[in-house]
Amino acid sequence: MIVNEQGNKGIAAAVVAGLVVVGGIVGWSLSKKETPVVIETKNTMMGSPDSTGMMKTKYKNGNYEVMGDYTSPGGAEQLEVKLTLTDGVISDITVIPQATRPTSKIKQADFAEHYKVMVLGKNIDEVMLTKVSGSSLSPKGFNDAIEKIKSQARS
Amino acid sequence: MSDHKFSFEGIGTKWIIDLYQVDQIDLEDLEKKVRQRVEEFDQNYSRFRTDSLVWQMSQKTGWFDLPSDASKMLDSYEKLYEITEGKFTPLIGDLIAAAGYDRLYSFKSEVSEPVKQWNEALERKSNQIQIKSPVMLDFGAAGKGYLVDIITDLIEKNGVKKFCVDGSGDIYAFGQTQKVGLENPFDITQVVGVVDLENESICGSATNRRKWGNYHHIFDPKTGRSTVGIVATWVIAPNAMLADALSTCLFLVPIERLVREFDFEFLILDSQMNATASKGFRDGLFSGTK
């Protein structure tokens, strides 16, 4: 059962009945832009999807929480989806995996957002650490050979 | 209780072993066992020495007996070969050597043949392998990680309860948390983040050290050239062989193909310092925005 902030269960019921998360969905739009998100629906209680699969019926603006049910080969699983509807369009969405089975956790990770960021370097002396991980140190023979080639190239 | 650290050169790189609370341990004996085990691994699997099994298998066809530790490693390579549709392969040695990273470090590149398919060149039967077509195998992608696991087991069996095996950035932290800095491949005096590691492994791969001419040491067998775009990867996984293998796979195939098969954390860095990270790496990264 889902409710929106105004407690409107009728619309909520329709959305949750229609919202079935299946393993192949990768098309979540996680941006703040007001572009429609295509959701695969199993059941169209209110209105029928047009050829693009989008629900045509207008829903009340607001925030919704949905528990999507799906069946993995290991059994029933749930995915929690929080979405914001603005003028019939999903303007924001968060997917929260609820998987209990290891395989389902991995599959849900497929469409939980990968974190993308530009990183900065900090000097090793300024950081609390006990080990460093990166490419392996190359052996002396390798380094010597590279140096030899470089000096040959210079001459 | 006191701690003990020792380091040595092995399989072409530097190793550091940290042992904690070792008052009851015969350290001289343990150190000797570790060094011997590393040398044994090198003698079997190195393509840089003419007395190795791998060298012999590159010189002629026929059936070869395998050491007892081979099957676990070959099983992993076989599985990842299938998952990556042949992009992650041990049959890459001839290509790397032709590009210049050969036994003598000539760094002179020459034309090479296409990389052979697994079934074309190899056949496995219990503890033996048939070389059907001479091929230089290279186990660089997962071999070091596997050796980290082997040494971890060895040290544990010798009674040490807290220790760290560091095979030059491929690390297993046993019973004690390590704070692992993620080396900035563009400036090795820096790190781009720090992650806590305990009872699991982190392995890092990057293109910054082993490079020459137009090449670095990670090759795409389909193009015959070094990979382009990704500069560094890290993987945290329950064992080092898996972490090591996956850190190379990330250069070769999309993340999704690996995420559906294995449970692991990853960090990928491109040439513009853009990072793609799983949850486990997120909090440890240094960035302008979160």
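## Close-up views of chains A and B

**View 1. Strand β6 of chain A pairs with strand β8 of chain B in the parallel sense, over three bridges.** In this predicted model, A:V132 has B:G181 of β8(B) as its bridge partner. The two strands belong to an open sheet of four strands, ordered β5(A)-β9(B)-β8(B)-β6(A), in which the pairing is mixed. The edges of this sheet are formed by β5 and β6 (131-133) of chain A, each of which pairs on one side only.

**View 2. The antiparallel pairing of β5(A) with β9(B) is shown here.** Within the pairing, A:K122 stands opposite B:V191 of β9(B).

**View 3. Two salt bridges are found across the interface of chain B and chain A.** One of the charged pairs is B:D18 with A:K131, whose closest N and O atoms are 2.7 Å apart. A salt bridge also links B:D166 to A:K131, with the closest N and O atoms at 3.8 Å. B:D166 is located in strand β6 (residues 162-167) of chain B and A:K131 in strand β6 of chain A, so this pair joins two chains. Side chains of opposite charge can pair when their charged atoms come close. Over all chains, the count of salt bridges comes to 21.

**View 4. The interface brings 61 residues of chain B into contact with 33 residues of chain A.** On the side of chain B, the residues that lose the most area to chain A are B:K179, B:R209 and B:F286, which together account for 15% of what that side buries. The area buried between the two chains is about 4,100 Å². Carbon and sulfur atoms give 58% of this buried area.

**View 5. Polar contacts between chain B and chain A number 22 residue pairs, both members being at pLDDT 80 or more.** Strand β8 (residues 178-183) of chain B gives the most to the side of chain B that touches chain A, contributing six residues. Classified by residue type, that side of chain B holds 27 nonpolar, 19 polar and 15 charged residues.

**View 6. A hairpin within chain B is formed by strands β4 and β5, with two residues between the strands.** Strand β4 (residues 122-125) and strand β5 (residues 128-131) of chain B run antiparallel and are joined by four bridges. B:K125 has B:Q128 of β5(B) as its bridge partner. In this hairpin, B:S126 takes a positive phi near 40 degrees.

**View 7. The fold of chain B contains nine helices and 17 strands.** The radius of gyration of chain B is 19 Å, close to the 19 Å that the globule rule gives for 290 residues, so chain B is as compact as a globular protein of that length. The C-alpha trace of chain B spans about 55 × 50 × 35 Å along its principal axes.

Notes:
Residues are numbered from 1 along each chain as its sequence is written. Chains are lettered from A and ligands numbered from 1 in the order in which they are written. This is a predicted model: local features need pLDDT of at least 70, side-chain atom pairs count only at pLDDT 80 or more; totals for chains, interfaces and linings use all residues. Side-chain values use heavy atoms; hydrogens and water are left out. Contact means heavy atoms within 4.5 Å. Buried area is the accessible area (1.4 Å probe) that two parts lose on being put together, summed over both. A salt bridge is a side-chain nitrogen of Lys or Arg within 4 Å of a carboxyl oxygen of Asp or Glu. A polar contact is a pair of N or O atoms within 3.5 Å; within protein, one must be able to donate a hydrogen and the other to accept it, and residues adjacent in sequence count only if both atoms are side-chain atoms. Ala, Val, Leu, Ile, Met, Phe, Trp, Tyr, Cys and Pro count as nonpolar, Asp, Glu, Lys and Arg as charged, and the others, Gly among them, as polar. Two strands pair if DSSP finds at least two bridges between them. The radius of gyration is taken over C-alpha atoms; the globule rule is 2.2 Å times the number of residues to the power 0.38.
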